[in-house]
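Please look through the sequence and the three-dimensional view below before reading on. The report that follows goes through a few parts of the structure in turn.

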Amino acid sequence: MTRDPRLLVQPAPFLRPTVSTPRIMLDVLVALLPSIGVAVWLFGLSALLVLAAATAGCVATEWLLARGARGASLGDWTAVLTGVLLGLTLPPSFPLWMAALGGFVAIALGKLAWGGLGQNLFNPALVGRAFLQAAFPIAITTWVPPAGPLALYRGNFAWPFFAAPADAVTAATPLGRMKFLGEETPLGALLLGDVGGSLGETSALAALVGLAWLLLRRACDWRIPAAVLLAAGALAEAVHRLAPGRHPDALFTLLSGSLLFGTVFMATDPVTSPLAPRGAWIFGAGVGVLVVLIRFWGGLPEGVMYAILLMNAASPLIDRAIQPRAFGYGRPARAALGERAR
Amino acid sequence: MSRTFRHGVHPAGHKEATERLPIERMPFVARYTVPLSQHTGAPARPVVAAGRRVTRGETIAEAAGFVSTTLHAPVDGRVVAIAPRPHPSGRLVEAIEIEADPYSPQRFPGNGASAPLDPAALSDEQFVAEVQRAGLVGMGGAAFPTHVKYRLPEGRRIERLIVNGCECEPYLTSDHRLMVERAADVVRGAEIVAARLGVEETVFGVEINKADAIAALERATAGRQRMRVVPLEVKYPQGAEKMLIRAVYGLEVPSGKLPLDVGVLVNNVATMTAIADWFDRRRPLVERVVTVAGPGVRRPSNLLVPVGTPVRAVLEHCGGLDESTREVVMGGPMMGAPLASLDVPVVKGTSGLLAFTEAEARLPTEYTCIKCGRCVEACPQFLNPSRLGRLGRAGRWEEMLAYHAMDCVECGSCSFACPSGIPIVQLIRVAKGALREKAAREKVS
């Protein structure tokens, strides 16, 4: 039959999606701006340098190792996002070469080794951080007090295999104080971030502003932060009521450490969290409970990273067990359980 | 608060261009091509031969079996050929080609003055036969012969009739204009069907972006017992039968079952006016309202077009296509069919003709699935499109059955919602085709 060469024949639908994956990633980057701003305000040039080093490590690794045309996958912004996220989980005086190495591990082992974007089991930024925690346990727990927008810490300029130049003053994080000294930090300081800690985690307020942006732009599943905060808050409060002297209350638990930062920016990573809405609730609740368990009874003052990584590992199982009930089937479809293991 | 179903998507309406334009009649053209197959079921059997003179509304092909329907001459003229002709489906399909009589005033026989047919005087069988004789099909796009829905299996009853005025597809306004301009006939058609089937309640389901249609139907149903207009939230695919039943009554039609199984019948508003036309004016279905719109159309319109009119002629009547047009779609932009040629006719199921330019036709950049779950929250059938698409791409079709691939209604909400630009619905469509073929092969051997 006569075929009009001018006409394309493509299958329906003919309306295109109004959101794109790069736009979602950019929205997360925008949501990180308040946290970045606070980090620079408190930790100055060092904050910028650590972020730049981690991001450069990620972007360079993606550019070098990603399959296909070199650098093509940089267009989805995920390498930059991973770099910024990783940088924000590091201490302000962290050696720059370690930050860059962390970026390499995050992208190479955290993402590309799995087959690239969408295939990885664990959050790449947290894989990078877990590596750094294992490789450089001292550097990653060396905290400095905020020193203002022009601050530059000597620790940043350490070189491999040489003793790190020590900064004159070190400071404990609010969680460290709580765990090892039994001291509380005022809530106002926790909100604004004027405390020791990783670059992005000190200000709870900045993370909350980021969350508001993500929700406004529908760039994350609201159920995950809701579930984490509800579960962590409820469990902490319950334990606090039982043993008020030994464990902090819900508010301190939620505002301290990287709970809010990790919840808003890492637990919500769609790739490494469950797909179905009910799965998101289970995942979030799991993160919240694990954070409190590790913080209260584990050996470390902070447990957000491991809580999220553990739940990342569980998320395919949750996905498999929780399939949506198809329309017109009286009870939940259980067919998924019969699927052969891949 | 207006009702709706669960999940679904909110594409921009794009109805501004035509929603206020009155229906105008498409002028008659020189040639008409009436495909024998323009409905679900067996192709109609021609009862005329080449050379025969026909009058407008005369039967030219009769139903070949129960799931089939009648075709009528759209114009006074002469049959010039019965041969394979280009069909909107992209294939060549046997069609009756008619040359219009250029001197005919193209009136219906008796100028529409034939005595009305009283549906109450008919037996159930006769009523079903009359509807088949009128050539009625579902006019929302699927073109399922209407009379089939009216023959109820022994012992079954229809308690509720829903007249579908959702028109949830963007761009389309043909049903909207019918409701505004022919509200009385919409209600009259519904009244005929409701009385014949003995339904307890008739509901007109209309989305709230059509306030004038809701008002018109409310006026037309004023004072009538057992008839009400139900405003619905604006959401796609609300016009899908099962979604509409869920929206209006909160009932879920079980998988693999029909609306009949929950005692509901759904008919499109255009089908209702066609019922009124047949019984009150003795006019068969030979023309329908088509919305011509989209960025590639110079003069968007709502046209009353005789079935068989070439798409090219319709588009030319609307000022022709813009130079930039790259894609012409028959039906809505979510579930319509792409046309490979403009030399195909308007058929009974043609609700719209849309022209899109390069900007709309360009496929989105594809990324890998980031498991964001937008498709899961879009799917009105509560499936897991992300997983179905992944299995589909891997060719693991058998496994897709366990995820209810066959329950997919192919509404396209998943593809529309996907930020990674994955053609999810197409992957599922291909798998369904392959699975159906395989099932058919196994049946034979």
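How many residues lie between β7(B) and β8(B) in the hairpin that they form, and which residue in the turn has a positive phi? The answer is given under the next heading, and it should be read with the caution that this is a predicted model.

## A hairpin and its neighbour in chain B

Five residues lie between β7(B) and β8(B) in their hairpin, and B:G90 in the turn has a positive phi of about 100°. Strand β7 covers residues 77–86 of chain B, and its pairing with β8(B) is antiparallel, over nine bridges. Within this pairing, B:A81 is found opposite B:E97 in β8(B).

Strand β8, which covers residues 92–100 of chain B, is also joined to strand β2 (residues 31–35) of chain B, and here five bridges link the two strands, which run antiparallel. One pair to look for in the view is B:Y32 and its bridge partner in β8(B), B:I98.

Another group to trace is built around strand β5 (residues 59–62) of chain B, which is joined by two bridges to strand β3 (residues 45–46) of chain B, the two running antiparallel. In β5(B), the residue that stands opposite B:R45 is B:E62.

Strand β5(B) also pairs with strand β6 (residues 71–72) of chain B, again through two bridges and in the antiparallel sense. Here B:A61 has B:L71 of β6(B) opposite to it.

## A parallel sheet in chain B

Further along chain B there is an open sheet of four strands, in which the order is β11-β10-β9-β12 and the pairing is parallel. The edge strands, each of which pairs on one side only, are β11 (227–232) and β12 (264–268) of chain B. From one strand to the next, the twist of this sheet averages 25°.

For one pairing within the sheet, strand β9 (residues 160–165) of chain B runs parallel to β12(B) and is joined to it by five bridges. The residue opposite B:N164 is B:N268 in β12(B).

## Chain B as a whole

The C-alpha trace of chain B spans about 65 × 55 × 50 Å along its principal axes.

## Two helices of chain A

Two packed helices are described by the angle between their axes and the distance between the axes. In chain A, the axes of helix α1 (residues 21–65) and helix α7 (residues 204–216) come within 8 Å and cross at roughly 165°. Angles over 145 degrees count as roughly antiparallel, and α1(A) and α7(A) are therefore roughly antiparallel to each other. Their crossing is right-handed.

Where these helices meet, the residues of α1(A) include A:D27, A:V28, A:L32 and A:V38, while those of α7(A) include A:A206, A:V209, A:G210 and A:W213. By class, this contact of α1(A) with α7(A) has eleven nonpolar, two polar and one charged residues.

## Where the chains touch

The contact between the two chains takes 40 residues from chain A and 55 residues from chain B. On the side of chain A that touches chain B, there are 24 nonpolar, nine polar and seven charged residues.

Note on methods
Residues numbered from 1 in each chain as written. Chains lettered and ligands numbered in written order. Predicted model: local features only at pLDDT ≥ 70, side-chain atom pairs only at ≥ 80, totals over all residues. Axes fitted to C-alpha atoms, helices over the stretch in contact; angles between N-to-C directions. Parallel < 35°, antiparallel > 145°, perpendicular 65-115°, else oblique. Left-handed = near helix turned anticlockwise from the far one by under 90°. Contact = placed C-beta atoms within 7 Å. Nonpolar A, V, L, I, M, F, W, Y, C, P; charged D, E, K, R; others polar. Pairing = 2+ DSSP bridges.
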